[in-house]
Amino acid sequence: MSDDDQQLRVSKIRNGTVIDHITGGQALNVLAILGIDGTSGDSVSVAMNMPSDRLGKKDIVKVEGKELSQNEVDVLSLIAPAASINIVRDFEVVEKARVERPSMVEGILECPNHNCISTEDEPVKSRFAVVDDGVRCEYCETIIRDDLPAHILAD
């Protein structure tokens, strides 16, 4: 058997998004960011800890029928700063871009500080500065370093 015969191949998607060069082991967090839990019926392919020259190990996520919003890309960039986003239409990649870490994310994350003004009944959107090791709330200075997907605001 040749090497080609032994490789597992994942089929192309007709329309949707392919997220490549995700930090190894982060694909499930990417699915959480995108709100994909398997109950919607979306066709999703996930490859984890694949060999990568650039990252050592990488994950890949293919989502049929979904193109990412800028907010989703911004949050994605926080956990997968080397990721590339490929938009696919009629089986062809029509757009390809690398994620860029924004300096600020607004209205996307919930502050874990229950006393923060952004978590009360005030008409204030959450606002986080992106720092080297996580994100920092602009109102109360709380820093989130771990488990970022757990702080994503529900739509």
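The legends below describe close-up views of a predicted model.

Residues are numbered from 1 along each chain as its sequence is written, and in this predicted model local features need pLDDT of at least 70. Side-chain atom pairs count only at pLDDT 80 or more, while totals for chains, interfaces and linings use all residues, and side-chain values use heavy atoms, with hydrogens and water left out.

View 1. Strand 1 spans residues 16–23, where strands (E, at least two residues) and helices (H or I, at least four) are DSSP runs numbered from the N terminus. Seven of the eight residues of strand 1 are buried, that is, under 20% relative accessible area (1.4 Å probe, protein chains only), whereas exposed stands for over 50% and partly exposed for values in between. Strand 1 pairs in the antiparallel sense with strand 3 (residues 56–64) over six bridges and with strand 4 (residues 84–89) over five bridges; pairing requires that DSSP finds at least two bridges between two strands. Ile19 stands opposite Val61 in strand 3, and in strand 4 its bridge partner is Ile85.

**View 2. The largest nonpolar core.** A nonpolar core is a set of buried Ala, Val, Leu, Ile, Met, Phe, Trp, Tyr and Cys residues joined through side-chain atoms within 4.5 Å. The largest one has 32 residues, of which Ile19, Val30, Leu76, Leu109, Phe128 and Val135 touch the most other members. Elements giving two or more residues to this core include strand 1, helix 2 (27–33) and strand 8 (134–137), and helix 3 gives the most, with five residues. Val30 touches Ile19, Ile22, Val61, Leu76 and Ile79, not counting residues up to four places away in sequence, a contact being heavy atoms within 4.5 Å.

View 3. Leu28, Val44, Val46 and Met48 make a nonpolar surface patch of about 310 Å². Such a patch is made of residues with over 30% relative accessible area and no salt bridge, with nonpolar side chains (Val, Leu, Ile, Met, Phe, Trp, Tyr) joined within 5 Å. Strand 2 (residues 44–52) supplies the largest share, three residues. Val44 is found in strand 2 and counts as partly exposed because its relative accessibility is 30%.

**View 4. Ser118 in its loop.** Ser118 lies in the loop between strand 6 (104–106) and strand 7, and it is buried, with a relative accessible area of 14%. Not counting residues up to four places away in sequence, Ser118 touches Cys111, Val124, Lys125, Ser126 and Tyr139.

How values were computed: Patch = residues over 30% accessible without salt bridge, like charges linked within 9 Å, V, L, I, M, F, W, Y side chains within 5 Å. Areas by Shrake-Rupley, 256 points an atom, 1.4 Å probe, with all protein chains shown as cover. Salt bridge = Lys/Arg side-chain N within 4 Å of Asp/Glu carboxyl O.
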